[in-house]
Protein chains: 2
Amino acid sequence: MTGWIAIAGLGPGAPSLVTPDVTDTLTLATDVIGYIPYVARVAPRDGLTLHPSDNRVELDRALHALQLASRGARVVVVSSGDPGVFAMASAVFEAVEKHPEFIDTDIRVLPGITAMLAAAAAAGAPLGHDFCAINLSDNLKPWAHVENRLRMAARGDFAMAFYNPRSKSRPHQFEQTLDILREECGPNRLITFARAVSTPQQMLNTVTLGEATPDMADMRTVVLVGNSATRRLGRYVYTPRSAS
Amino acid sequence: MTGWIAIAGLGPGAPSLVTPDVTDTLTLATDVIGYIPYVARVAPRDGLTLHPSDNRVELDRALHALQLASRGARVVVVSSGDPGVFAMASAVFEAVEKHPEFIDTDIRVLPGITAMLAAAAAAGAPLGHDFCAINLSDNLKPWAHVENRLRMAARGDFAMAFYNPRSKSRPHQFEQTLDILREECGPNRLITFARAVSTPQQMLNTVTLGEATPDMADMRTVVLVGNSATRRLGRYVYTPRSAS
């Protein structure tokens, strides 16, 4: 039996946003590996071993997947959203780079609906023009990089989407983010806080940067910032396709 | 009968990448509106009228959808990829803004797998860290905006994804794009040309900026540019999660 790894995106939460490609691949799996709440979204069945693990052990999890596949297992590594956007795909390739004996592993990445695009769809079309995706967590990069990217994105008049905007261990950074954005974009720029998108707990809140406060975001929130032309239209927020 | 509009993303091409949300919504539709090749991806059936239209008539198409919905039709406006990424969602909201009599229309946006994320998955994980999405077409914005965004994205060390990189009517612009990128990022930066992703015609080609030539892209190509840490690993290209 030849093992393989599929790194699969489960989408933002709703079962109706999981692609058939991912659903079908899960039916072939012998093992599912991932962060506890994502593995909990996979239905148990005979012949399938679930391996839920804690947050922040991405490399251990990736190595575990490589080891299982080398013994013939058909392993699905699950991420929420899209596995290539601030999720497990890069972690698996990092593990291969550290453990080159696994270089010939059959690895496929199965795309998914990433949180920012589900959030944008729920709000209207705030990312309808050029945009950036930025992970605000500084677990893996210096805060100075984040700050530079925020300023470059603002000066390019990009719309922006932020992942991991706020955590208990870094309470001041999202406040700094808002300060930088107000400085670069002014107080009238629109910002949308989208929490638990596509789930029954979904909450959307659009305000101006002048009105935004750090407590509007938590770790289940994706944050969307408009470009200079982004506007409200009834209950929607959208960015026109043409220049402002 | 109350009409509605769903602006739906059909994904990059493979039927297995169409979400159940989109598939189920199409079964409820009375009318499907969109660019000819996208409408051709919807199976005909009794009670469903297909309205294929030519390229570059997005606002006419959007107005048609609003008019049909106001008469009680259940209209699905189809885009490839994700409708909120350089596709029909913004066009529909622009049409509502121009024709405010339609402001109370029930409009939903159904997200899809956008081309850059399908391309990234096929290549490995080149967008595994902060990245930008840029539409290189200047149909709706001055070229100077595109050039500024390229430079800001490069100076922020973002990975980048380009939509609509090249057309017959603008043959020199992608050449200029490559020149700007070489100037800002140097000749060794990796660039991936991904054509017709997820279809039987899929072709992936990763080279350095020094090796890249304009003819490597056409209008079916999405182009991915790495950040300063993006690397090859066997047959994969990936961007690590940590800073370079």
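**Note on a predicted two-chain model**

1. Chain A falls into two domains, domain 1 (4–113) and domain 2 (116–238); such bounds come from an automatic or database domain assignment. The model is predicted: local features need pLDDT of at least 70 and side-chain atom pairs count only at pLDDT 80 or more, while totals for chains, interfaces and linings use all residues. Residues are numbered from 1 along each chain as its sequence is written, and chains are lettered from A and ligands numbered from 1 in the order in which they are written.

2. The C-alpha centres of domain 1 and domain 2 of chain A are 28 Å apart. Where these domains meet, seven residues of domain 1 of chain A are in contact with nine residues of domain 2 of chain A; contact means that the C-beta atoms, placed from the backbone, lie within 7 Å. On the domain 1 side there are six nonpolar residues, one polar and no charged. Here Ala, Val, Leu, Ile, Met, Phe, Trp, Tyr, Cys and Pro count as nonpolar, Asp, Glu, Lys and Arg as charged, and the others, Gly among them, as polar.

3. Chain A has an open sheet of five strands, in the order E3-E2-E4-E1-E5, with parallel pairing. Its edge strands are E3 (49–53) and E5 of chain A, each pairing on one side only. From one strand to the next the twist averages 20°. Strands (E, at least two residues) and helices (H or I, at least four) are DSSP runs, numbered from the N terminus, and two strands pair if DSSP finds at least two bridges between them.

4. Within this sheet, strand E2 (residues 31–35) and strand E4 (residues 74–79) of chain A pair in the parallel sense over four bridges. Val32(A) has Val76(A) in E4(A) as its bridge partner.

5. Helix H1(A) lies across E1 (4–9), E4 and E5 of chain A, and runs at about 145° to E1(A). Axes are lines fitted to C-alpha atoms, for helices over the stretch in contact, and angles run from 0 to 180 degrees between N-to-C directions.

6. The contact between the chains takes 56 residues from chain A and 56 residues from chain B. Elements giving two or more residues to the chain A side include helix H1 (20–28), helix H5 (115–123) and helix H6 (143–155). The largest share, seven residues, comes from H4(A). By class, the chain A side divides into 32 nonpolar, 14 polar and 10 charged residues.

7. Strand pairing also links the two chains: E7(A) and strand E7 (residues 131–135) of chain B pair in the antiparallel sense over three bridges. Cys132(A) has Cys132(B) in E7(B) as its bridge partner.

Conventions:
Two residues are in contact if their C-beta atoms, placed from the backbone, lie within 7 Å.
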